[in-house]
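Open the model in your viewer and keep the selection panel at hand. The stops below say what to select and what is there.

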There are 2 protein chains.
Amino acid sequence: MFQTFDAPSRSGPIGARLAALRAVLKKAGLSGFVVPHADEYQGEYIPAAAERLAYLTGFTGSAGAAVVLTEEAAVFVDGRYTLQVRDQVDGADFTYEHLVENPPHQWLKSRLKRGDRLGYDPRLMTLAEVRRLEAVAKAAGATLVPVEENPVDAIWHDRPAPPLAAVSLQAEPLAGEAAEAKIDRLRAILGEKDVDAAIIAQTDSIAWTFNIRGGDVPHNPVPLSFAILRREGAPSLYMDGRKLSNAVRDRLAGLADIKEETALAADLGALGASGAKVLIDPNLTPEALARAVSAAGGNLVEGADPVSLPKARKNEAELAGMRRAHRRDGVAMTRFLAWLAATAPSGGLTEIAAAKKLEAFRAETGEEDGQPLLEISFDTISGAGPNGAIVHYRVTEATDRAIEPGQLYLVDSGAQYRDGTTDITRTIAIGAPTAEMRDRFTRVLKGHIALSTARFPKGTTGAQLDTLARLALWQAGLDYDHGTGHGVGVFLQVHEGPARISKAGTVPLEPGMILSNEPGYYKTGAFGIRIENLIIVEPPSEIAGGDRPMHSFETLTLAPIDRSLIEPALMSADEIAWLDAYHARVRATLQPSLESEALEFLIAATQPLLA
Amino acid sequence: MFQTFDAPSRSGPIGARLAALRAVLKKAGLSGFVVPHADEYQGEYIPAAAERLAYLTGFTGSAGAAVVLTEEAAVFVDGRYTLQVRDQVDGADFTYEHLVENPPHQWLKSRLKRGDRLGYDPRLMTLAEVRRLEAVAKAAGATLVPVEENPVDAIWHDRPAPPLAAVSLQAEPLAGEAAEAKIDRLRAILGEKDVDAAIIAQTDSIAWTFNIRGGDVPHNPVPLSFAILRREGAPSLYMDGRKLSNAVRDRLAGLADIKEETALAADLGALGASGAKVLIDPNLTPEALARAVSAAGGNLVEGADPVSLPKARKNEAELAGMRRAHRRDGVAMTRFLAWLAATAPSGGLTEIAAAKKLEAFRAETGEEDGQPLLEISFDTISGAGPNGAIVHYRVTEATDRAIEPGQLYLVDSGAQYRDGTTDITRTIAIGAPTAEMRDRFTRVLKGHIALSTARFPKGTTGAQLDTLARLALWQAGLDYDHGTGHGVGVFLQVHEGPARISKAGTVPLEPGMILSNEPGYYKTGAFGIRIENLIIVEPPSEIAGGDRPMHSFETLTLAPIDRSLIEPALMSADEIAWLDAYHARVRATLQPSLESEALEFLIAATQPLLA
């Protein structure tokens, strides 16, 4: 459900906590300790019980780290949190460092001394992360020490309990494939990779494999858990049994051995002792799990999570669910846009009020298809004027702005329905836009259309397509500092690997993958523009007169794009034809579900550009 | 000079040679031996003395390998040579294998047995290549054995002597920077990389560093040699002293210690014994040289050849030379195109005759600027009709075709002048082209123009731009199976690293880099199309109204593009404007050097598209 907009505040006596932690470290013979913003599952969201960074430093951002040494301590945040960290953390306790430009392993380079013993929690850091730290420690002559118990937990007396949200089954008509069939396919993949077993440490990979969903963290409907897949024999699923109703347990017991998470290390040790080849993804798996296998003599094979690709290639049932979810979501978005068009020009509307209203419209759409809104898929980005130019903006009571005539309003939001996940951005002119706003918006739209209409051969990666979304901006000396698209799950994570459309997108696009198409433009202190639809990769198809079948994209997202922001002189005939056809489809699809003012708005907003 | 068009023929008693080699191997206790098509310098062309593969197998292609085992032997060639290898090599002696799909290390996987001793010449294989073999040998329980003397040489009694072409100095007004200054810059780079020395094994890197040129191999005007660069002290240059006149030797002696190549191993050993950190490029350096350092206790640091990037970023003098060379080359090309237009339609012209005529026109251009043609920069690709569709086509007496009305004629050629290297492809309709030819040509041209006119931010790679050259083809279900562009040297290699415009082009483009822009389309058995100009990466510059400076390209190559092959209805107004402006520039630049029929041709061929 809708996330809080509370202003961050200091959470306690940080100096005393730091002193207490140093005392624990001293007793353990450690000269320092690393505190990442992470839990055991390495997901985008972590439960309250894992907010060790916030407890220790007071910093409540969604990414960061701290390192505590005997005489010195630092908190690391990225560009989004430069101001917030100074507001929340006292510079006398922790120096402020840039998480990307000077990350912990870099910062430690000049500080670790020969003989130092730097502690870390091997359950909270991946194998790849530990290797980076290890290289620095080795170069300095220091030792990296995995701790048995996290020393922050030793001083955190009122630490919240881990979450115990009930696990639900994702029905087969929605999942499109029985869990048994998925497990069989995964077994075959383990065979192709010539491994005996695989550790699955991505919670959405587990949810996909067993056709289950959960609610342990915000926005990502996954149960916190681990799994071992085996080439021969049943998989094991490690999860707190209190999350399972009898009915769910009965279903899962037919698929896997269900065990407590405390049994995982011993099972990995047994696998290792048997000499098994065990596949792990070094970028996703806690080092402690890799260590459990190799310490027992097992043979670690490093490679990508074998579930990632099968999960990313959506089947027909999943695609059908996503289409239904996007139709409902489009109805909600259109009602919101109609309401905004009627309300905003007279002034007085705020970013928070708009975001709440949008969520209320989404909650109403549940009456169609019997699929209510279950949660929003991420904290809504609701930015007016200069706030729209802050790419990772999240409105708070402190930053809440009025949405005023003459401004652009950017709203990036999404929903979790049982049959699909949505993610849409629209940018709306409140009153009359300037010529500059129209020029920029039109160039962003040209990039959006170039990607939407691209045909491309088998094997093409997101990195190869990213340029298409940028060229109209580049030609004018403009650009945006984020990727063009990310993968999206089906009632799973709104950010899903492995494919993406960005300079770093090295995975070939395959039929059934769902990605976002979201080029933008940001003028600091003035306005932000982003146009985002989700798109499905279609199988290669013949083109009349051509030699080779080519992929294409189907656009999932249905909502009007603000025609008042388009400069027709910058658009080619083909681009105008795409826009008009898209709007005609939006109108035809949503019209039956709309009435009165919203219907009038839809009809007006989807007229041909030059009409 | 123009390369031979002799048909390949069997070169001797292959069976006897194979038996003799097996006897040598047996005596040396080896169960097999690997014969790459390579010399010690890993360049694109090798001297006759290094044609061991041809001597042993009879196969004379420009790439390939052989592996001889006790009971079995195989020759490995790529798709270009599938027919030729069957013509030249008896299947009773060697089985035929695909060099790319089943390369030697792959083929050996199922053949190496525990205890086998596989020999290889560590002077002819790079560190990276040896590692691939080593992994296979290790998995099989076999041993990889570096040989002291190549066993092929032991049976090759009439092996040619190594080449001794005279070394010349590249004058500073052409090089644009004194060798002393280059060496100082390279020393600073070694400092930044924190190494004491670097082995330079790319002959064009050596030629660039010392401002020298040579003639030991065809087309690449480099002296075969090695060098060691040192952070402190003079570099060492290893080269047969007989290539040096007194004057050249005197100049080089002021820059480097000049030594025979036989002294290299001992010098590397001394570096190693001193504990020096030595930079080597594992993809370019013979394993023997790496081994000489590490065996003596030295510390190998693997990384890219430190000369590659400085060499690729051309200075103003080099760019000015390239512009002059391209003006002269454009005059020769235009005379050729005028001659072709006058001669070909009446029939009877052949691919070889056309290629020879083109070279003759190039030889004449030397009278301008006092810079004669020194050599062609690669074997001319001169392909009529279906031969044009063979991407790596090299005409021979056996394949020579008449260039006939109704065909497309594709000619890809280049020249080496003292002030620059050229590489240009034009496709010409002989008589009236079909609608299909015009459609395809226009799409290739649209890709060529999209790349030529692209603006892009600092840090953009060739992989990001490659898509622009393909999109107009992709949209029609068409594509081409080669990269879009390669780097080009200045009176050096026509294929120069490290940047390229292709899916694999991961190096950011930098000001002064020269690349080819050569999209194409090939219809097997019918026709081939390619349009190639060289382009220079310009420094980022402001765009009016934009936020960020953007790179652009300057087009170097000057010759008409066949307007009869363009379908104007497929071209945008901006594309037509680019073509007309390019043709106006070609006309204005070349006009003063042309006369009579060639001048008339130029004026007609460079008229506006819609005139």
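Start by selecting A:Arg470 and A:Tyr480: the charged end of A:Arg470 sits over the ring of A:Tyr480, 4.0 Å from the ring centre. Bear in mind that this is a predicted model. Then go to chain B and select B:Arg328 with B:Tyr417; here the arginine lies over the face of the tyrosine, at 4.6 Å from the ring centre.

Next come the aromatic pairs. A pair of aromatic rings is described by the distance of the centres and the angle of the planes. Over all chains, the count is 16 aromatic pairs. Select A:Tyr55 and A:Trp156: the ring centres are 4.8 Å apart and the planes are at 15°, under the 30 degrees cut-off, so this pair is stacked. A:Tyr55 belongs to helix H2 (residues 52–57) of chain A, while A:Trp156 is in the loop between helix H6 (151–155) and strand E7 (168–169), 101 residues apart. Are these two residues buried or exposed? A:Tyr55 is buried, with a relative accessible area of 12%, and A:Trp156 counts as buried at 8%.

Now select A:Phe59 and A:Tyr81. Their ring centres are 5.3 Å apart with the planes at 80°, so the pair is edge-to-face. It links the loop between H2 and strand E2 (65–69), which holds A:Phe59, to the loop between strand E3 (73–77) and helix H3 (82–88), which holds A:Tyr81; the two are 22 residues apart. Both A:Phe59 and A:Tyr81 are buried.

Move on to helix H18 (residues 573–590) of chain A. At 1.5 Å a residue, its 18 residues should span 26 Å, and the end C-alpha atoms are 26 Å apart, which agrees. Colour the buried residues of H18(A), among them A:Trp578, A:Leu579, A:Tyr582 and A:His583. Looking down the axis of H18(A), the buried residues fall within an arc of 160°, so they line one face of the helix. On the face turned away from the buried side are the exposed residues A:Ala573, A:Asp574 and A:Ala588. To see what covers the buried residues, show elements including helix H14 (316–343), helix H16 (435–452), strand E26 (533–541) and helix H19 (596–605) of chain A.

Finally, zoom out to the whole of chain A. Its secondary structure comes to 19 helices and 27 strands. The radius of gyration of chain A is 25 Å, close to the 25 Å that the globule rule gives for 611 residues, so the chain is as compact as a globular protein of that length. Of the 611 residues in chain A, 58% are buried.

Conventions: Residues are numbered from 1 along each chain as its sequence is written. Chains are lettered from A and ligands numbered from 1 in the order in which they are written. This is a predicted model: local features need pLDDT of at least 70, side-chain atom pairs count only at pLDDT 80 or more; totals for chains, interfaces and linings use all residues. Side-chain values use heavy atoms; hydrogens and water are left out. Helices (H or I, at least four residues) and strands (E, at least two) are DSSP runs, numbered from the N terminus. The expected span of a helix is 1.5 Å times one less than its number of residues. Buried means under 20% relative accessible area, exposed over 50%, partly exposed in between (1.4 Å probe, protein chains only). The arc is that of the directions from the helix axis to the C-beta atoms. Contact means heavy atoms within 4.5 Å. Rings of Phe, Tyr and Trp (its six-membered ring) pair if their centres lie within 6.5 Å; planes under 30 degrees apart count as stacked, over 60 as edge-to-face and the rest as tilted. A charge sits over a ring if NZ of Lys or CZ of Arg is within 6 Å of the ring centre and within 35 degrees of the ring normal. The radius of gyration is taken over C-alpha atoms; the globule rule is 2.2 Å times the number of residues to the power 0.38.
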